[in-house]
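Thanks for coming, everyone. Let me put the structure up, and then I'll walk you through a few side chains.

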Amino acid sequence: MPSLSRRSFVLSASGLAALTLAGCASGGAPTSGGGGGDGFPVTITHQLGTTAIEAEPTRVATVSAANQDVAIALGVVPVAMPFFDYGGDAEGVLPWVREALAGKPMPQVVGRSPEPIAFEAIAAAQPDLILATYSGLTQDEYDTLARIAPVVAYPDAPYSTSWQEQTRIAGRALGRSTLAEELVVATQSRLAAAASEYPQLEGATFAYTGGMDSGQLGIFRPSDVRVRLLEDLGMTSAPFVEQNAPSGDAVYYTVSAELVPRLQSDLLVGFFGTPDLDAAFRAEPAVREMPAVKAGGYAPIIGADRVAASSSPSVLSIPWVLDAYLPVLAEAATRSRR
């Protein structure tokens, strides 16, 4: 498949991103005036409240995953972002973030994701906006952060904001809606082009697992962002997933081992930080009895960085992981659907 430089792909969505990053002041805060023409004030309603942003933000802090990705792709280098133990380097920086900021000042890394929010460190960074569109903020956490700066939380349920929504909401909050839409269109085009190279994925049914949890199989529902990413590639969540889901809006649930062999799908997709964890999962008796596994349709994502990229997809992480992710899916679909 033709390869596109991941950093150039994101920045090529508009010259504005490159120009804005080039204008970043020392300490990680971008200079003003690169907002792309949106007017202020802006009011954004989300699940935890309504946030008024009076002027174009210039000092943005982010919490949880993916939020720093979107800000950076929109040309705003955060003044503070979390340390990522899972998938990050020794300094807690994710590889696609490191690539996107090559030669630029790095944000201050505060706290750890997904551990408790470092409220004091975020306050010390003096942000004028806190992005948390993809997060699990509680109302109490939101209220505490809102005393520091305006906070934009998730629109519906925790950890269920699609990469498209994340980008568009952040674009509104930062005054860069035009650039946000260009990034969404460019990323969707990239996904469509990639999917066209692997026609065996079109219509393939799948279940996405988080592994075995106390003898039960963890399953992600279609509202989860990693499931939606596969649907963006033309795949379909297996009917079993919603048919056996509990009530409520949780994106993850478990099913007992005796039900696992009834899970009919072309693929079983799972993620594991190490090959040993993957091997242990494969060895589970219930897993070996799954129709997709028996048919060769098991597609593991192995490695903390790849897991992080595909589990919290964004306009930065999708191009970074896609070339490694697609062949694994396609090979499993070819085996299972032959």
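Arginine 228 and glutamate 165 meet through their side chains in a salt bridge, 3.7 Å from N to O. The pair links distant parts of the chain: arginine 228 is in helix H9, glutamate 165 is in helix H7 (residues 163-174), and they are 63 residues apart. By salt bridge I mean a side-chain nitrogen of Lys or Arg within 4 Å of a carboxyl oxygen of Asp or Glu. Helices are DSSP runs of H or I with at least four residues, strands are runs of E with at least two, and both are numbered from the N terminus.

Some ground rules. This is a predicted model, where local features need pLDDT of at least 70 and side-chain atom pairs count only at pLDDT 80 or more, while totals for chains, interfaces and linings use all residues. Residues are numbered from 1 along each chain as its sequence is written, and side-chain values use heavy atoms, with hydrogens and water left out.

Back to that pair. Is arginine 228 buried or partly exposed? Its relative accessibility is 24%, so arginine 228 counts as partly exposed. Glutamate 165 is partly exposed too, with a relative accessible area of 29%. The cut-offs are these: buried is under 20% relative accessible area, exposed is over 50%, and partly exposed is in between, using a 1.4 Å probe and protein chains only.

How many salt bridges does the structure hold? There are 11. One of them joins aspartate 278 to arginine 282, with the closest N and O atoms 2.9 Å apart. These two are four residues apart in helix H11 (residues 275-282), so about one helical turn separates them. Aspartate 278 is at 5% relative accessibility and therefore counts as buried. Arginine 282, at 42%, counts as partly exposed. Elsewhere, salt bridges that share partners join Asp89, Glu91 and Arg98 into one network. Within it, the side chains of aspartate 89 and arginine 98 meet at 2.7 Å, N to O.

Now H9 itself, residues 225-232. Val225, Arg226, Val227, Leu229 and Leu230 are buried there. After H9 comes glycine 234, with a positive phi near 95°.

Look at arginine 226. Its charged end sits over the ring of phenylalanine 220, 4.0 Å from the ring centre. That call needs NZ of Lys or CZ of Arg within 6 Å of the ring centre and within 35 degrees of the ring normal.

Phenylalanine 220 also has an aromatic partner. The whole structure contains eight aromatic pairs. In one of them, tyrosine 208 and phenylalanine 220 are edge-to-face, 5.9 Å centre to centre with 90° between the planes. Tyrosine 208 is in strand S8 (residues 205-213) and phenylalanine 220 in strand S9 (residues 216-220), 12 residues apart. Both residues are buried. The rule for pairs: rings of Phe, Tyr and Trp (its six-membered ring) have centres within 6.5 Å, and planes under 30 degrees apart are stacked, over 60 edge-to-face, the rest tilted.

Why is the pair of tyrosine 208 and phenylalanine 271 called tilted? Because their planes are at 55°, with the centres 6.3 Å apart. This pair runs from S8 to strand S12 (residues 267-272), 63 residues apart. Ring pairs link Tyr208, Phe220, Tyr252 and Phe271 into a cluster.

**Strand S12**

S12 is mostly covered, with six of its six residues buried. Leu267, Val269 and Phe271 point one way, and Leu268, Gly270 and Phe272 point the other. In a regular strand the side chains alternate between the two faces of the sheet.

What does S12 pair with? S8 is one parallel partner, joined to S12 by four bridges, and threonine 209 is bridged to glycine 270. S13 (residues 298-302) is also parallel to S12, with five bridges, and valine 269 has alanine 299 as a bridge partner. Strands pair if DSSP finds at least two bridges between them.

**Last stop: asparagine 67**

Asparagine 67 is in helix H3 (residues 67-73). At 2% relative accessibility, it counts as buried. A polar atom of its side chain lies 2.9 Å from the backbone nitrogen of threonine 133. The side chain of asparagine 67 also reaches the backbone oxygen of tyrosine 134, again at 2.9 Å.

Note on methods:
Polar contact = N/O pair within 3.5 Å; in protein donor to acceptor, adjacent residues only side chain to side chain.
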